[in-house]
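Subject: the model you asked about

Hi,

Here is the structure, ready for you to open. My notes on what turned up in it follow below.

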Amino acid sequence: MEGQPLVSVIIPTYNRPELLKLTLSGIMAQTYSNYEILVVDDGSPTDEAEKVCRPFEKVKYYKIENSGGPAKPRNTGIQKAKGKYLAFTDDDDLWLPEKLEKQVNILEKNPDFGLVHGCCEVIDEKGELQNRIIGRLRNPEEKHGDVSQKMLGRWTVMMPTSFIRKAVVDKVGFFNETMPPAGEDMEFWTRCSFETKFYYQDEPLVYYRVHGNNISDNKKGYQELPLHLKKVLDEVFEQKKITLITYKLLNQRLGILFVSRLKQNPLWILRNMKVFDSFWFIKRNYVKHLIASILKRH
């Protein structure tokens with residue numbers, strides 16, 4: 001259909017109009033042009049975000065009741081998206097001009113891949129480069145292809161680099177709105193990893209802004225993450241997407257991740273370890289990481 005965007009760019013925002021303007025300007029400077037931008041305001045107290053969006057002809061602005069996190073705004077964007085592909089970014093990150101063009105080309109030429117992602121260069125609050133790249137592993141192949149078993153509990157997709165077929169999202173469902181506003185992205189990408197192959201671009205096409213308000217700094221919210229990932233693991237096992245041997249190995253990995261966070265909330269962690277193994281306290285691997293976590297406290 002003529003005029004139908006191939007790509008839908010989804011941006012949750014909350015009370016950061018100046019940064020949002022920079023993010024939108026970077027998207028509008030893309031070398032690829034067949035896209036729409038969906039800005040979903042999570043109940044900002046003013047109408048400044050709407051004013052920022054007005055001059056950008058490709059932008060559609062929506063305001064919802066405050067949910068306290070990015071999951072609901074992203075889901076709202078998914079529901080309203082018209083594109084074959086979805087690209088996510090936050091309202092404080094910046095795209096380099098060729099980001100969309102390169103990612104569209106990758107998925108158009110590689111139909112057996114459902115998602116493209118990559119690494120980011122870090123900038124500070126003022127937008128100055130920090131000579132640091134995040135989202136890159138020593139072995140890039142760890143993030144490429146069938147990554148489901150490699151990814152679980154170890155790494156996630158950098159949100160502003162993500163580019164995914166909407167058909168994959170239609171299969172895996174929305175972002176989890178019941179989780180704390182930290183780790184819900186990792187839970188979502190983990191579900192996607194069991195549905196499709198990931199194409200990793202070892203090229204920073206995004207500037208990732210690090211500042212005091214990053215949700216990724218919410219350590220308390222990440223305490224629950226292994227429990228949510230366990231639910232994902234249980235579901236894919238029930239769907240027979242993995243073998244029993246693989247299930248046991250991945251379950252143990254999540255249990256070790258959970259017990260290794262003992263210092264964050266000792267009693268709560270110990271009480272919930274039974275989710276991974278009722279007899280964890282007599283298993284060598286668990287006890288070893290439990291002791292290591294205790295020693296780190298002193």
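Let me start with the largest cavity, which holds about 40 Å³ of space. A cavity here is a set of points, on a 1 Å grid over the protein atoms alone, where a 1.4 Å probe fits but cannot get out. The volume is the space filled by probe spheres set on the points, with grid points joined across faces, edges and corners. Before going on: this is a predicted model, where local features need pLDDT of at least 70 and side-chain atom pairs count only at pLDDT 80 or more, while totals for chains, interfaces and linings use all residues. Residues are numbered from 1 along each chain as its sequence is written, and side-chain values use heavy atoms, with hydrogens and water left out.

The count comes to one cavity of 30 Å³ or more. Its lining (residues with an atom within 4 Å of a point) includes Lys-99, Gln-103, His-117, Cys-119 and Glu-203. Helix 4 (99-109) and strand 6 (113-118) each give at least two residues to that lining. Helices (H or I, at least four residues) and strands (E, at least two) are DSSP runs, numbered from the N terminus. By class, the lining has three nonpolar, five polar and two charged residues.

A pocket is an open set of points with protein on both sides within 12 Å along at least five of seven lines. This one is lined by 14 residues, and Val-172, Arg-191, Val-232, Glu-235 and Gln-239 lie nearest its centre. Helix 9 (225-238) brings the largest share of the lining, five residues. The lining divides into four nonpolar, three polar and seven charged residues.

Now the cores. A nonpolar core is a set of buried Ala, Val, Leu, Ile, Met, Phe, Trp, Tyr and Cys residues joined through side-chain atoms within 4.5 Å. Buried means under 20% relative accessible area, exposed over 50%, and partly exposed in between (1.4 Å probe, protein chains only). The largest core has 31 residues, and those with the most contacts inside it are Val-7, Val-9, Leu-24, Ile-37, Leu-100 and Phe-163. Helix 4 supplies the largest share of this core, four residues. A second, separate core has 24 residues, including Leu-227, Leu-233, Leu-254 and Leu-290. Back to Ile-37: leaving out residues up to four places away in sequence, Ile-37 touches Val-9, Ile-11, Leu-24, Ile-27, Met-28, Lys-58, Val-59 and Lys-60. Contact means heavy atoms within 4.5 Å.

Helix 7 (residues 184-193) has ten of its ten residues buried, so it is largely enclosed by the rest of the structure. Charged names such as Glu-184, Asp-185, Glu-187 and Arg-191 are among those buried residues. In helix 3 (residues 71-80), seven of the ten residues are buried, so helix 3 is largely enclosed too. The cover over those buried residues includes strand 1, strand 2 (35-41), strand 4, helix 6 (166-172) and helix 7.

On to the aromatics, with eleven pairs in total. Rings of Phe, Tyr and Trp (its six-membered ring) pair if their centres lie within 6.5 Å; planes under 30 degrees apart are stacked, over 60 edge-to-face, and the rest tilted. Tyr-85 and Phe-163 make a tilted pair, 5.2 Å centre to centre with 35° between the planes. Tyr-85 sits in strand 4 (residues 85-88) and Phe-163 in strand 9 (residues 163-165), so the pair ties together parts that are 78 residues apart in sequence. Both Tyr-85 and Phe-163 are buried. The ring centres of Phe-113 and Tyr-199 are 5.3 Å apart with planes at 75°, so that pair is edge-to-face. Phe-88, Phe-175, Phe-188 and Trp-189 are linked by ring pairs into a cluster.

Last, a backbone detail. Asn-15, in the loop between strand 1 (7-13) and helix 1 (17-28), has a positive phi near 55° without being a glycine. Asn-131 likewise has a positive phi of about 55°, and Asn-131 is found in strand 8 (residues 129-134).

Cheers
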